[in-house]
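Student: I would like to learn how to read a structure like this one. Please take me through it feature by feature.

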Amino acid sequence: MKILISDAFDPSLPGRLEAFGEVTEDKDRLPEMDVVLIRSKTKCMSDYIDRAKSLRLIVRGGVGLDNVDVDYARSKGVQVFNTASASAVAVAEIAFALMIAVPTRLAEGHIGMMDKQWLKKQLKRTELMGKTLGLIGAGNIGTELAMRAQAFGMRVLAFDPVLKQHECAELVDRDTLFAQSDYISLHVPLIDSTRGMINAETIAQMKDGVVVVNTARGKCVVEEDMVTALESGKVRAYATDVWYSDPPPDDCPLFGAPNVIMTPHLGASSKENMLRIGDVVIDILTDFSDRTA
Ligand code: NAD
């Protein structure tokens, strides 16, 4: 079996994969590869899959499959897997960090101190305790965030059309979530029903001064509408790890907007998560080899 590691994985992975066959990071050898391992950088769309003449398996180290044309791959007999739940803790921790950075004024305090400014009087604080967190999407990551929010004394609501019950969030419809949440955090895949789901119309349904946290996908939020809402104060802060493209272009409207907290798509990239992803990749390849032997 020939395996191409096309994106960055834990450094231990190439050695662990040698038990399955030849391992390379040379992308020019794509046409002879049986297996391609990707994260979010490599785009496995139809032209890529057509070039990979021997391809039988794509493994996406991570959750979202929006960088793979899954239907096209399957139509060509190529199996596609992700490492589903491996990243839940890592992403929930970034979501929580982005959320708590807003009431604690962490970013402004830090930037002020770097500039030798003592903003003790200016930076009015609030607390998470007693506030309502609304999760849009309450799968693996949303659930991990819900548990952390509950530990901080938050009430947790969730809108997720697939779920009938949830162990640590109160399931509500979307209108209720928008009307009652002080913090809204996105944990959905990028699909037709979620693309641009946070826009001028849905923001208007939210509480004045709501905080929106996005660790799902940049394109779930209409950036221009978010900037307008930040400028008017309707949205108190937008804390995001995700972008229309990685990295965002210099003219990304969020760069000039007030009350934005930004991280460079760090959600899944904890050391522990990279090891967990490697373990799941090995499990998938073991199963694939057994099935195709
Ligand atoms: P998951 O599949 O466990 O949960 C997603 C949930 O969203 C599901 O329960 C589903 O029913 C729900 N959902 C789908 N459409 C919806 C809609 N229109 N409205 C409300 N809910 C809807 O996935 P997960 O592991 O929790 O990951 C969620 C997303 O987080 C991924 O798809 C990916 O886009 C993103 N992600 C980001 C990072 C990062 O680095 N920031 C890392 C991993 C995943």
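Student: Why does Val-210 count as buried?

Tutor: Buried means under 20% relative accessible area, exposed means over 50%, and partly exposed lies in between (1.4 Å probe, protein chains only). Val-210 has 1% relative accessibility, so Val-210 counts as buried. Before going further, note that this is a predicted model, in which local features need pLDDT of at least 70 and side-chain atom pairs count only at pLDDT 80 or more, while totals for chains, interfaces and linings use all residues. Residues are numbered from 1 along each chain as its sequence is written, and side-chain values use heavy atoms, with hydrogens and water left out.

Student: Which residues does Val-210 touch, not counting residues up to four places away in sequence?

Tutor: Contact means heavy atoms within 4.5 Å. On that count Val-210 touches Ser-181, Asp-182, Ile-184, Lys-234, Val-235, Arg-236 and Ala-237. Val-210 itself sits in strand E10. Helices (H or I, at least four residues) and strands (E, at least two) are DSSP runs, numbered from the N terminus.

Student: What is the strand order in the open sheet?

Tutor: Strands of a sheet pair through backbone hydrogen bonds, either parallel or antiparallel. Two strands are taken to pair if DSSP finds at least two bridges between them. Here 7 strands form an open sheet with parallel pairing, in the order E8-E7-E6-E9-E10-E11-E12. Strand E8 (170-171) and strand E12 (260-262) are the edge strands, each pairing on one side only. E8 runs parallel to strand E7 (residues 155-159), to which 2 bridges join it. Ala-158 has Leu-171 in E8 as its bridge partner.

Student: Why is E6 described as largely enclosed?

Tutor: Of the 5 residues of E6, 5 are buried, so the strand is largely enclosed by the rest of the structure. Both faces are covered, with Thr-132, Gly-134 and Ile-136 buried on one side and Leu-133 and Leu-135 buried on the other. E6 also pairs with E7 in the parallel sense over 5 bridges, and Leu-135 stands opposite Ala-158 in E7.

Student: Where does helix H9 lie?

Tutor: For angles, axes are lines fitted to C-alpha atoms, for helices over the stretch in contact, and the angle between N-to-C directions runs from 0 to 180 degrees. Helix H9 (residues 223-232) lies across E10, E11 and E12, at about 135° to E11.

Student: How many residues has helix H6, and which of its residues are buried?

Tutor: The expected span of a helix is 1.5 Å times one less than its number of residues. H6 (residues 140-151) has 12 residues and reaches 17 Å from its first C-alpha to its last, close to the 16 Å expected. Its buried residues are Ile-141, Gly-142, Thr-143, Glu-144, Leu-145, Ala-146 and Ala-149. Their cover includes H4, E6, E7 and E9. After H6 comes Gly-153, with a positive phi near 80°.

Student: How many residues of domain 1 are in contact with domain 2?

Tutor: Domain bounds come from an automatic or database domain assignment, which gives domain 1 (2-82 + 271-292) and domain 2 (88-262). In contact are 5 residues of domain 1 and 4 residues of domain 2. Buried area is the accessible area (1.4 Å probe) that two parts lose on being put together, summed over both. Between these domains it is about 390 Å², with 44% from carbon and sulfur atoms. Asp-66, Asn-273 and Arg-276 supply 71% of the area that domain 1 buries against domain 2, more than any other three residues.
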